[in-house]
Amino acid sequence: MTAFSVKPLFSIVVLTLTLVVATLFISRPSPLSQFSLSLATPSGKSDIWSVQRLVEWRPCKWWLDGDLTALPAESNGYIRVDCYGGLNQMRRDFCDGVGIARLLNATLVLPRFEVAAYWNESRMNGYVKVVKDLPPEIASREPFRVDTSKRKGQFDYIESVLPSLFEHHYISITPAMSQRRDRYPLHAKSALCQACYNALRLMKALEKKGAELLQAIPKPFLSLHLRFEPDMVAYSQCQFPSLSPASLESVDAVRGDRKPWTGEMATIWRKRGKCPLTPSETAFILQSLSIPTDTNIYLAAGDGLMEIEGVTSVYTNVFTKSSLLSGEDFTNMHGNTKAALDYYVSINSDSYMATYFGNMDKMVAAMRAFNGMSKTLFLSRRAFAEFSSQGLKGRELMEALWKAHSNDFAMGRGYALPDCFCEFKL
């Protein structure tokens, strides 16, 4: 009969259990570690750009390859487009102005910009009649102002503006967001598309500065449009209790009457994708999409970007305008000039991602589609909020984000490109 020693056997069992428990404890993720570097990428996946695309946005053939309709010999009068706001809002308004002028058979007077001219309109002739100087009998008076910018509902220019053009012969407008482009005849739509994407460019001095900036960025690179400035955070009415005291103070200083939502409404608001992504959340999503942490990233961002270390602590090759153009006086540079540099770099970058879908993002996406550059993606605030609210963390959250974004990229969703682009199945 073989004798067993109980003590050594007991010691082995205890030692084994101790090692198992210790391993589980060490490997158990902390609730605060869901954005950590140890979760670098979903295992076994190439980056998001390797996903096979099924749908792609391209310029519609009806305007890209179509013949231009000859301009009428006589026009119905003169229209001046007044462009206000940011750089890309001015571009949007000017593009719409070309379509409106062609729709109403009007001569387009070169626009009045709020600060300075950033866009070069010299190549517009052929798409619409353009003049810099008015006839003497009209130049001596101000145009009749037709306020269309805040019109509610579906706005129709032929019904609402053409009578004023006939009566006054010289009017000024700021294009309405709710205009009925579906009622435009093909020649007016074509004029808008041709002018906006074939003809309109930044001023030569800005393009030259943008080219210098582009040359200075290590290649290949991702242009990341990251929005997390105090005014944007305040405007979103979202709560961010984990921000630093300095950031919270900056937000409170510009919040005004826009108090953050609380309780159930705060949860609903966030799940609808209304809350901007923090830099830390942005870095986590980039990791979820298998974007390597040594990727060259150009940060297209406005002044006052908060919590930037949330990105730079993960992605180490981050470049900015001020770091690459050290001789420039960025303190006195107008915000629209900085935006013009970001725009130029972004439409020429190897890939582009954005945490928001504002005027710049829409124009960048459209120009990249026009130039056949498909590596464009908008990070989904709604998906991040929805999955986080379900309690997903760490690897599970990464996998869910990968699936959501890879589906969007494959199907070309989330771009909301304007009427000049069509879906093509690949």
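## Two crossing helices

The axes of helix 12 (residues 279–288) and helix 18 (residues 394–411) come within 8 Å and cross at roughly 75 degrees. Helix 12 and helix 18 therefore count as roughly perpendicular (65 to 115 degrees). This is a predicted model, where local features need pLDDT of at least 70 and side-chain atom pairs pLDDT 80 or more, while totals for chains, interfaces and linings use all residues. Residues are numbered from 1 along each chain, and side-chain values use heavy atoms, without hydrogens or water.

Contact means heavy atoms within 4.5 Å. From helix 12, Phe-284, Ile-285, Gln-287 and Ser-288 take part. They meet Gly-394, Leu-397, Met-398, Leu-401, Trp-402 and His-405 of helix 18. Six of these contact residues are nonpolar, four are polar and none is charged.

Helix 8 has 13 residues (204–216). At 1.5 Å a residue (times one less than the number of residues), helix 8 should span 18 Å. Its end C-alpha atoms are 19 Å apart, which agrees.

Leu-206, Gly-210, Leu-213 and Leu-214 are the buried residues of helix 8 (buried is under 20% relative accessible area, exposed over 50%, with a 1.4 Å probe and protein chains only). Seen down the axis, these buried residues fall within an arc of 100 degrees, so they line one face of helix 8. They pack against strands 8, 9 and 10, and against helices 14 and 15. The face turned away carries exposed Lys-204, Ala-205, Lys-208 and Gln-215.

## A buried serine

Ser-190 sits in helix 7 (residues 186–199). Its relative accessibility is 9%, so Ser-190 counts as buried. Leaving aside neighbours within four places in sequence, Ser-190 is in contact with Trp-62, Trp-63 and Leu-68.

Notes. Helix = DSSP H or I, 4+ residues; strand = E, 2+ residues; numbered from the N terminus. Arc of directions from axis to C-beta. Axes fitted to C-alpha atoms, helices over the stretch in contact; angles between N-to-C directions. Parallel < 35°, antiparallel > 145°, perpendicular 65-115°, else oblique. Nonpolar A, V, L, I, M, F, W, Y, C, P; charged D, E, K, R; others polar.
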